[in-house]
Structure formats: C-alpha cells, structure tokens
Amino acid sequence: MPPAAPVEQSRTRPPGGLVAARSVIDLIGNTPMVELRAVRDGVAEGVRLYAKLEGFNPGGSVKDRPAKRMIEQGIADGKLVAGKTILDSTSGNTGIGLAMVGAALGYPVKLVMPENVSVERKKVIGAYGAEIVYSDPMEGSDGAIRLCRKILADDPERYFKPDQYNNPANPLAHYEGTGPEIWAQTEGRITHFVAAIGTSGTIMGTGRYLKERSRAIQVIAAEPEDAFHGLEGLKHMASSIVPGIYHENELDQKLGIGTDDAYNMVYRIGREEGLIVGQSCGAAYVAALQVARTLTQGTIVVIFPDFGDRYLSTNLWLGWQKLP
Ligand SMILES: Cc1ncc(COP(=O)(O)O)c(C=O)c1O
C-alpha cells in the first residue's frame, strides 16, 4: 500500500493554465455553472436561473467534496492513520467519493450496502478497489447501517468512520468550497440559493457562507414531499433520523417535491437544455421554479448534484419513453 499523501499536498491547487493537477483529489470543486434559459415556465425576464454542475467533480458528484474534507480532517485529527481502513455504510455518491479519495491517498475503503443496490454502484465502487460488504436487501439502508456498526464494534481500532450525518467537516466542505465559488461565479449577485437535502451538508455549509456575505440571500431546501419516494440521495426530514448537522432554523424555506414532478423535470432538462441530470437535480429545479415564479428580479443558483447517466439502470429512466 502506498503511503498516504500529507494533507498539505492534497490541498495544493494547480496554479491553472496547462499545469497538471498533482492528484485527482485536486480536481474536486471549482465546478462550472450554467444558465438555464429554456426551462423557465413563465418566469419573469428579470430572474436568472443558474445550475451549478457538481457532476463535473472527478467522482461524478457533489459528495466528492465532503468525502475529501472528512478524510482530510480525519488525517489532521490523527483519527485516520496508515494501516486503518475507511469504513461507512453508504451505497450512494458518498461511497463513490470515499472510494475515490481513499484510492488516491492509499487508504483501504470498506463500504457496507444492501445487496440490491444498482449494478452501476457496485461496479464503480469495486473499480476504485474498495471492498463491498453486502447487507440484507430486505432491511434496506437501515440494515447496512446496523451491519456497519457491528463491524466497527467488533474491531474499533481498525477503522475510521467518517459519519457524514454528524461530521462538521461535511458542511465545512461547502462552507469553504461551494459557497465561495458561487459567490465568485455570480459576482456577488446571488439572491436565492436552492439545494435538495440528504445529509443537508450542501445546504447548511453553502447557506451559512452565503448568509455571511449577505443576510438577504434566501436559502431554500427541496425535500421529498413524503416518506415513500424515488429521489435517491434525499431525505424527508419529518420521517427520518434527523442528521446531527441539520439545523432547520438556518433555512428560509423548505419545499416538498413529488417524485413524478422531479422525474419529469429531469426529462425536460435533458430535452430542452441538453443536460442529462440526476433526480435530485429535477427536484431542486422544480423548487427553484416555484420560487422564481414569485419574483420579478433575482439571481437563483440551484445545485445539480450529479448527472443522470449514473442512474441508467434505475426507475428514473423508465418514464421518459412515455413522453410525447
Ligand atoms: C444525488 C444526490 N443529491 C443530493 C444529495 C444531498 O446532498 P447533501 O447530503 O449535501 O444534503 C445527495 C447526498 O447524498 C445525493 O447523493
């Protein structure tokens, strides 16, 4: 196993131009933003809608940011040292981010997930060299959480568990990265920030940074409208174990979005904007349009956490053929 790179090294950004990045880790963040000009549904001309395309991160999602930040913090705190394995119970984008960063820094990664997660997930995580431990598919993500706790309890010295739901380094990744990037990319003109919530790290960290720049910026969360939904990566807070990093009082508004509305928005964004995005982007953009329709002026930035090709074998892509 190669030795882990020192934290300072992984934080060094390439100076730009044609200079190569030192590691894939240095390519995390600084994602592009694009204006959505076709899917506007009667929004006033004075309102601009921008999507920040987090699918451009090297692991393919917004979760590369907290994966990197939590691992760096673990190293800085002496909790993640050579010989330890990064352990977590996530089959989603965080798992991919942890597997990527672990591979790049030379730490083994073990991820516990229900056996029925999508084939794309299993292959991508396996391709990064991470070990997958399958939990009972009938027990869903709770089963994976329980099995992960047992593995940790059986050999606590062997593992470092990032715990994205309670780790302050998760929102910090966005406070230090996503927030300043959006402020710079809009040249301080942002009036509304919209993000869908899973762990809530994105909205908490980015929202906190933006509010510090200007109290007037509105921070709006999109969540599934009920407990039974098909919006992978998102949480309906009232029916979920509430993450320790989530503080609802820091939000200005929270909008419940239906799965069908989110999926249909994904299909429209593909056809009308030329962007194939994931379902949580569809949910966030439905919320953004609801907000936009109440305004005559404004600059709205919406987080698009990943691209839609990540979900090709899932239910998301069953519906588009039915469109006229
Ligand atoms: C596709 C997708 N969208 C949105 C989110 C929510 O991001 P956060 O956990 O920062 O609230 C996640 C989180 O895993 C995700 O995977």
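An open sheet of six strands, with mixed pairing, runs in the order E1-E2-E10-E7-E8-E9. The model described here is a predicted one. At the edges of this sheet stand strand E1 (33–35) and strand E9 (253–257), each of which pairs on one side only. Neighbouring strands of the sheet are turned against each other by 25 degrees on average, with direction ignored.

Three bridges join E1 to strand E2 (residues 47–53), and the two strands run antiparallel. Within this pairing, Val34 stands opposite Ala51 in E2. Further along the order, strand E7 (residues 192–196) and E8 run parallel and are joined by five bridges. Strand E8 (residues 218–224) is mostly covered, with six of its seven residues buried. In general, side chains in a regular strand alternate between the two faces of the sheet.

Helix packing comes next. Helix H9 (residues 279–292) lies across E2, E7, E8, E9 and strand E10 (298–304). The direction of H9 makes about 165 degrees with that of E10. H9 also meets another helix: the axes of helix H8 (residues 259–273) and H9 come within 7 Å and cross at roughly 95 degrees. Because of this angle, H8 counts as roughly perpendicular to H9. On the H8 side, the contact is made by Asp261, Ala262, Tyr263, Met265, Val266 and Ile269. Their counterparts in H9 are Gln279, Gly282, Ala283, Tyr285, Val286 and Leu289. By residue class, the contact of H8 with H9 divides into nine nonpolar, two polar and one charged.

The model also holds an open sheet of four strands, in the order E5-E4-E3-E6 and with parallel pairing. Strand E5 (131–135) and strand E6 (159–160) are at the edges with a single partner strand each, so one side of each is left without a neighbour in the sheet. E6 pairs with strand E3 (residues 85–88) in the parallel sense, over two bridges. In this pair, Ile86 stands opposite Phe160 in E6. Helix H5 (residues 140–154) packs on the sheet and touches E3, E4, E5 and E6. The direction of H5 makes about 145 degrees with that of E4. H4, in turn, lies across strand E4 (109–114) and E5, running at about 145 degrees to E5.

H4 has a helix partner as well. Two packed helices are described by the angle between their axes and the distance between the axes. For helix H3 (residues 93–105) and helix H4 (residues 119–127), the axes come within 9 Å and cross at roughly 15 degrees. H3 and H4 are therefore roughly parallel to each other, and H3 passes H4 in a left-handed crossing. The contact brings Asn93, Gly95, Ile96 and Ala99 in H3 up against Arg121, Val124 and Ile125 in H4. The residues of this contact of H3 with H4 comprise four nonpolar, two polar and one charged.

Key: Residues numbered from 1 in each chain as written. Predicted model: local features only at pLDDT ≥ 70, side-chain atom pairs only at ≥ 80, totals over all residues. Heavy atoms only, no water. Axes fitted to C-alpha atoms, helices over the stretch in contact; angles between N-to-C directions. Parallel < 35°, antiparallel > 145°, perpendicular 65-115°, else oblique. Left-handed = near helix turned anticlockwise from the far one by under 90°. Contact = heavy atoms within 4.5 Å. Nonpolar A, V, L, I, M, F, W, Y, C, P; charged D, E, K, R; others polar. Buried < 20%, exposed > 50% of the residue type's maximum accessible area, 1.4 Å probe, protein only. Pairing = 2+ DSSP bridges.
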